[in-house]
Amino acid sequence: MSHPDRAPARRPAVVTAAVALLALMAVAALAYAAAGVAIRGGTVDRFRAAAADTSALPDQIDGTVTLLSVSTVLTAVVSLLAGLLLAGLALGLRAGRDGARTATWVVSGLGLIAGCCGLALLVGQRATPLGSGEDERPTAELLGLLADAYPSWWIPLGAGLSVGQVLGYLVVAVLLALPAAGAWFRPRPASSAPHHPPASPAPPPVQPPHQPPGAPPAPPYPPSEDRP
């Protein structure tokens, strides 16, 4: 049974670049997940220490701490799954699977949307003023302490990764749409079984010469001139 071939056999440079970029994005996502888990304990401790000087009640502080912990864990889990998914797509593209290219386009579209939403949320949190009413004052004070509870490099890192995520998915999608990539992922028609030339027909058997009636049968071999 024959299998479709790839054409051309050598991987184009645009596909190699897409694979390398996906691998880099996978490493960044896994590192971000690990960093989120690593800073969780220190972030919670700094937040509790700073929240003790506010007008918030203990229940309100505990609720904000729970929200902080859950959001940190969820972010780490999402980053971990995204890193594994990107690594799998990179391996599929490297092997020349056309299904991996289609899946990469789908993931790139979703990644562009997620990255833009993350940037919009970050900008909205910075631009929207916190409530100044008496009932909203404790909540505003607690939310204002969240940014300071994280390490100084954490929020710029998240913003930079969001921008890099948007650009990375866009570049990967464009690279895989180039003609060189399309020609390499497009399978050839299934090759037929090897063709063998037909064997030449066997020569017809030699018929003995016609003998008149009553003549002795002809010898199987012609008489030799050297025989008496």
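1. At what angle do α1 and α2 pack, and how far apart are their axes? In this predicted model, the two helices pack at about 165 degrees, with axes 8 Å apart. Angles over 145 degrees count as roughly antiparallel, so α1 is roughly antiparallel to α2. The crossing of the pair is left-handed.

2. The contact of α1 with α2 can also be split by residue class. It has 26 nonpolar residues, along with eight polar and four charged ones.

3. The largest nonpolar core has 20 residues. Within this core, V15, L22, L86, L93, L176 and F185 have the most contacts. Two or more residues each come from α1 (13-51), α2 (58-94), α3 (98-127), α5 (154-177) and α6 (179-185). The largest share, seven residues, is from α1.

4. L93 deserves a separate look. Residues up to four places away in sequence aside, L93 touches V15, V19 and L22, as well as A100, R101 and T104.

5. A149 lies in helix α4, which spans residues 137-149. The relative accessible area of A149 is 2%; the cut-off for buried is under 20%, so A149 counts as buried. Beyond neighbours within four places in sequence, A149 is in contact with T43, R46 and F47. The C-alpha atoms of A149 and A51 are separated by 9.9 Å, while the two residues are 98 residues apart along the chain.

Definitions and conventions:
Residues are numbered from 1 along each chain as its sequence is written. This is a predicted model: local features need pLDDT of at least 70, side-chain atom pairs count only at pLDDT 80 or more; totals for chains, interfaces and linings use all residues. Side-chain values use heavy atoms; hydrogens and water are left out. A nonpolar core is a set of buried Ala, Val, Leu, Ile, Met, Phe, Trp, Tyr and Cys residues joined through side-chain atoms within 4.5 Å. Buried means under 20% relative accessible area, exposed over 50%, partly exposed in between (1.4 Å probe, protein chains only). Helices (H or I, at least four residues) and strands (E, at least two) are DSSP runs, numbered from the N terminus. Contact means heavy atoms within 4.5 Å. Axes are lines fitted to C-alpha atoms, for helices over the stretch in contact, and angles run from 0 to 180 degrees between N-to-C directions. Angles under 35 degrees count as roughly parallel, over 145 as roughly antiparallel, 65 to 115 as roughly perpendicular and the rest as oblique. A crossing is left-handed if the near helix is turned anticlockwise from the far one by less than a right angle, and right-handed if clockwise. Ala, Val, Leu, Ile, Met, Phe, Trp, Tyr, Cys and Pro count as nonpolar, Asp, Glu, Lys and Arg as charged, and the others, Gly among them, as polar.
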